[in-house]
Amino acid sequence: MSVSIQPSEALPLKPYKSLSNTELSQRIQTVRQQLGDSLLILGHHYQQDEVIEHSDLRGDSYQLSQMAAESAACKTIVFCGVHFMAETADILANRPEKLEQRDGQRVRVILPDMAAGCSMADMAAIDQVENAWADMGEVIDTKTVIPVTYINSAASLKAFCGRNGGIVCTSSNARAVLEWAFERGQRVFFFPDQHLGRNTALTMDITNDQMPVWDPYEDELGGNDEQAIRDSRVILWKGHCSVHQMFRPEHVDAFRKNHPGIKILVHPECPQDVNDLADVSGSTGKIINTVKESPAGTKWAIGTELHLVNRLKQEHPEQEIHFLSPVICMCATMYRIDLAHLCWCLENLVAKENVNVIEVDEETSRWSLVALERMLAVK
Ligand code: 13P
Ligand code: SF4
């Protein structure tokens, strides 16, 4: 669990909401100059452009966790992303060897808006996962099951994996992590994103009939019979991303019909029927690199969060880039981080009133770190 106690003397947020972006930007710049290297602003690729402009480093979930793990000079990380990312940064930046190097001084991790969560991460609560583990243990030996949590999950789930011989994955290393898991166990219990789990396992010759979906709201074995659990190779949690589930196979068909030669590029959180039709599937980092490395004139329809696709359009006018869906698919929680929240938390930092600090409790951090370090060691 992570806790956040707001100081009573903190500057209030409300006045910041009526300031123009120009003024907010200038004030953010002033704080950045004042704090220099002691402040590190990290930005996930799905953040809006105004926020990305103020990020010292931007990346996908894996790159951002590496950056947090490597942070050396900084005293504060302001994480422009969502809650699970800030928790991960806190765990990695404050792991024992780092604390020792800094004479016990913690890196403060701040999430500009505490309501910036992830609806997928919220689909798996620790008590549900523990109940599922106990229930499947009535049918199969859980010592042969490796739990794998997508990084888009609460720290308590990462700790569960750490305690039970499991590991964390991101969308950029899911295949390597599943290989790691199958070297150590016969089955994988994958949560919370069924689509990333399924799309990855399908590339490893695992079939859908070996991947029962565990619905935490079903009483008996997550809605499965005993045989399905015994025959399983990957038990998938019934969770999904509300943004990526909006992409449909008919969107792919329409682009292929109306734009001959177009290539389809999607994030593996998309459902299998879309992922199967794509030319390339990969993390936000891979999506960016694929576009960057393509020759001028390449045509793309991209199935991932809108802000990233729009940024790619601006940064690559030499290519033809379309958003895969006819309806807007944006991550509403990522979007909560705006210049008003960023400026507010930075000016509070200067006033020595730390707002929105994310600090994972010691026990959860310790076990989450076990699972995160296993992931960071997977090549
Ligand atoms: P990446 O791992 O590609 O950064 O994706 C994170 C995420 O939340 C996608 O929805
Ligand atoms: Fe979570 Fe989906 Fe938003 Fe990513 S895009 S942070 S998975 S809700």
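Me: Which residues does Asn173 touch, leaving out those up to four places away in sequence?

Reply: This is a predicted model. In it, Asn173 touches Tyr62 and Met375, when residues up to four places away in sequence are not counted.

Me: Where is Asn173 found?

Reply: Asn173 is in the loop between β7 and α9.

Me: And is Asn173 buried or exposed?

Reply: Asn173 counts as buried because its relative accessible area is 10%, and the cut-off for buried is under 20%.

Me: Why would residues three or four places apart in a helix point the same way?

Reply: An α-helix has 3.6 residues a turn, so residues three or four places apart point the same way. In α9, Val177 and Ala181 are among the buried residues.

Me: What covers the buried residues of α9?

Reply: The cover includes the strands β6 (145–150), β7 (167–169), β8 (187–191) and β10 (234–237). It also includes the helices α10 (194–202) and α17 (362–377).

Me: Let us take β10, then. Is Ile235 buried or exposed?

Reply: Ile235, which is found in strand β10, counts as buried because its relative accessibility is 0%.

Me: What does Ile235 touch?

Reply: With residues up to four places away in sequence left out, Ile235 touches Met136, Ile140, Val188, Phe189, Phe190, Pro212, Trp214 and Ile229.

Me: How far is Ile235 from Asp135?

Reply: The two are 100 residues apart in sequence, and their C-alpha atoms are 13 Å apart in space.

Me: A change of topic: where is there a cis peptide bond?

Reply: A cis peptide bond joins Phe191 and Pro192, with omega at about -10 degrees. Pro192 lies in the loop between β8 and α10.

Me: Now the ligands. Which residues are around ligand 1?

Reply: The residues around ligand 1 are His44, Tyr46, Asp60, Ser61, Asn152, Ser171, His244, His267, Glu269, Ser283 and Thr284. By class, this shell has one nonpolar, eight polar and two charged residues.

Me: Which domains give the shell of ligand 1 at least three residues each?

Reply: Domain 1 (2–117 + 334–360) and domain 3 (244–323) each give at least three residues to the shell.

Me: How far are the side chains of His44, Ser171 and Asn152 from oxygen atoms of ligand 1?

Reply: For His44, a side-chain N or O atom is 2.7 Å from an oxygen atom of ligand 1. The corresponding distance for Ser171 is 2.8 Å. For Asn152, a polar side-chain atom lies 3.0 Å from an oxygen atom of ligand 1.

Me: How much of ligand 1 does the protein bury?

Reply: Taken alone, ligand 1 exposes 300 Å², and the protein buries 95% of that.

Me: What is around ligand 2?

Reply: Around ligand 2 are Tyr46, Cys118, Ser119, Met120, Asn152, Cys241, Val243, Glu269, Cys331 and Met334. This shell has seven nonpolar, two polar and one charged residues.

Me: Back to the domains. How is the chain divided?

Reply: The chain is divided into domain 1 (2–117 + 334–360), domain 2 (120–241) and domain 3 (244–323). The contact between domain 1 and domain 3 takes 10 residues from domain 1 and 13 residues from domain 3. The C-alpha centres of these two domains lie 30 Å apart.

Me: Next, helix α16. Is Glu347 buried or exposed?

Reply: Glu347, in helix α16 (residues 339–350), counts as buried because its relative accessible area is 16%. The side chain of Glu347 makes a polar contact with the side chain of Tyr16, at 2.7 Å. Leaving out residues up to four places away in sequence, Glu347 touches Leu11, Tyr16, Arg27 and Val31.

Me: Are they buried or exposed?

Reply: Lys352 counts as exposed because its relative accessibility is 71%. Asn356 is buried, with a relative accessible area of 3%.

Definitions and conventions. Residues are numbered from 1 along each chain as its sequence is written. Chains are lettered from A and ligands numbered from 1 in the order in which they are written. This is a predicted model: local features need pLDDT of at least 70, side-chain atom pairs count only at pLDDT 80 or more; totals for chains, interfaces and linings use all residues. Side-chain values use heavy atoms; hydrogens and water are left out. A residue is near a molecule or strand if one of its heavy atoms lies within 4 Å of it. A polar contact is a pair of N or O atoms within 3.5 Å; within protein, one must be able to donate a hydrogen and the other to accept it, and residues adjacent in sequence count only if both atoms are side-chain atoms. Accessible areas come from the Shrake-Rupley method with a 1.4 Å probe; for residues, only the protein chains shown count as cover. Ala, Val, Leu, Ile, Met, Phe, Trp, Tyr, Cys and Pro count as nonpolar, Asp, Glu, Lys and Arg as charged, and the others, Gly among them, as polar. Domain bounds come from an automatic or database domain assignment. Helices (H or I, at least four residues) and strands (E, at least two) are DSSP runs, numbered from the N terminus. Buried means under 20% relative accessible area, exposed over 50%, partly exposed in between (1.4 Å probe, protein chains only). Contact means heavy atoms within 4.5 Å.
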